[in-house]
Amino acid sequence: MSVLPDPGASRAVLIGTSHYDHLEQLPAVSNNLIALADLLSGPLSLRLPAPHVTVVEDPPDPGSVMDPLRQAAAEATDTLLVYYAGHGLIDPHGALTLALPRTQPGHIETSLNYDWLRHILLNSPAQRHIVLLDCCYSGLALGRMSAPQELADQAAVEGTFLLAASAETRTALAPVGDTHTAFTGALLDTLRHGIPGGPPLLDLETVYRHLRLTLEARAHPVPQARNRNSGARVALGRNHADLPAAPVTHAAGPEPDRRLWPDPSSIRTVTGFFTNLAAVREVSGLTQQEVSRRSAGQISTGTISRLVNRDTLPATWDTTAAYLSACGVPDDQIRQWHGAWQELRRNAPATQEARADAPGGDTAELGKARWRLFSLWRDRGH
């Protein structure tokens, strides 16, 4: 079963080199980094909080890559995604190295050895690892994914998936004048527009097969992939070609609800709770006004907006339950959502537990009310 990572427990590190002292320039790489970071943080992909996406552009030396990578690897407990775009080179031992701005062919110490990157991934507490390589000879990394037997053992918690832009003997394509490199451009298009007729979630296996067909049809180098355990089931976003474009109505009858609702069992953090809560309405195909109408007056459009944009858990369950029910979420799943809310409440810091919610779930309004009461008390001469 495909699963979307919990954005609160996931991290992404995007590495790219567009300017070189001794190699051909790759200006499209800078555009790759900007677009991919924006996409991963937005509603079309993983909805990662902006601080959870680290961009390392034109790093001057390997340490400039390794330090932020170590930090992200230590923080990620759900999914760790690492992306590199730039020149890929082969060292004297036939291994893949990732070129940096000052890389000189024949001087291996000026490049980033792919095995160093891989070692950090394997020591991360993240349950899933995703590696996206958009570089020449990136297919060499596929061998590194399978060579040491301990890699499969260490990745066995959930899975590792490596998607490489080209086979190990082919050069990746960066068409002159194009905004993005061929591989990353196709990946961005897939996540933005979806795959007509594809599954509700764009898992890595689906994305890989679609990219192969797309790039092969354009006479571009086709990507390669390597999957360990359940890595291929990790999704990079919802299939936006599959989402309903209008409010969903169901005729009476035994036809089951086939929509793929966000899975509350995958929620590990407060950020993940609200990210998935917002996605519920997308899957329902309903506007906020329609959700409010279907709640029979229990929640207003303003309450809905405040609910899905919170950063602390509601102290009570009723508003969330009314929202889920009005969106059409089945009762058994609403009970799962309730369980996820209870679990997060149990693990919430004491400071959050002490916060009260104003009617409708807006703590800012509660603060204003308290200030008005204080002002009235002061004006009466107390």
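Predicted model: local features only at pLDDT ≥ 70, side-chain atom pairs only at ≥ 80, totals over all residues.
User: OK, helices next. How should I think about which way the residues of a helix point?

Analyst: The general idea goes like this: an α-helix has 3.6 residues a turn, so residues three or four places apart point the same way. Now take helix α3, residues 114–122.

User: Which residues of α3 are buried?

Analyst: In α3 the buried ones are Y114, L117, R118, I120, L121 and L122.

User: Let's do a sheet. What is the strand order in the open sheet of three strands?

Analyst: The order is β4-β5-β6, and the pairing is antiparallel. The edge strands are β4 (88–90) and β6 (112–113), each of which pairs on one side only.

User: How many bridges join β4 and β5?

Analyst: β4 pairs with β5, residues 96–98, over three bridges in the antiparallel sense. If you want one to find on screen, G88 has L98 in β5 as its bridge partner.

User: Now empty space. What does rolling a probe over the atoms show?

Analyst: With a probe the size of a water molecule, rolling over the atoms shows where empty space is left. Here we can go through pockets, then cavities.

User: What is the volume of the largest pocket, then?

Analyst: The largest pocket comes out at about 320 Å³. It has 19 lining residues, and E24, Q25, L26, A174 and P175 are the closest to its centre. By class, the lining has 11 nonpolar, five polar and three charged residues.

User: Which residues line the second largest pocket?

Analyst: That lining is R47, V270, T271, F274, T275, A278, V308, N309, R310 and D311. The volume of the second largest pocket is about 190 Å³. Helix α8 (residues 270–284) gives the largest share of this lining, five residues. By class, you get four nonpolar, three polar and three charged residues.

User: How many cavities of 30 Å³ or more does the structure hold?

Analyst: Five. The largest cavity contains about 150 Å³ of space. Of the 13 residues that line the largest cavity, L4, S45, L46, R47 and T275 lie nearest its centre. β11 (235–238) and α8 are the elements that each give two or more residues to this lining, and the largest share, four residues, comes from α8.

User: What is the make-up by class of the largest cavity's lining?

Analyst: The lining of the largest cavity has six nonpolar, four polar and three charged residues.

User: Which residues line the second largest cavity?

Analyst: D134, A165, A172, L173, A182, F183, L215 and P221. This cavity has a volume of about 50 Å³. Its lining has seven nonpolar residues, no polar ones and one charged residue.

Definitions and conventions: Residues numbered from 1 in each chain as written. Heavy atoms only, no water. 1 Å grid on protein atoms, 1.4 Å probe; cavity = no way out; pocket = protein on both sides within 12 Å on 5 of 7 lines; lining within 4 Å. Points joined across faces, edges and corners; volume = space filled by probe spheres on them. Nonpolar A, V, L, I, M, F, W, Y, C, P; charged D, E, K, R; others polar. Pairing = 2+ DSSP bridges. Buried < 20%, exposed > 50% of the residue type's maximum accessible area, 1.4 Å probe, protein only.
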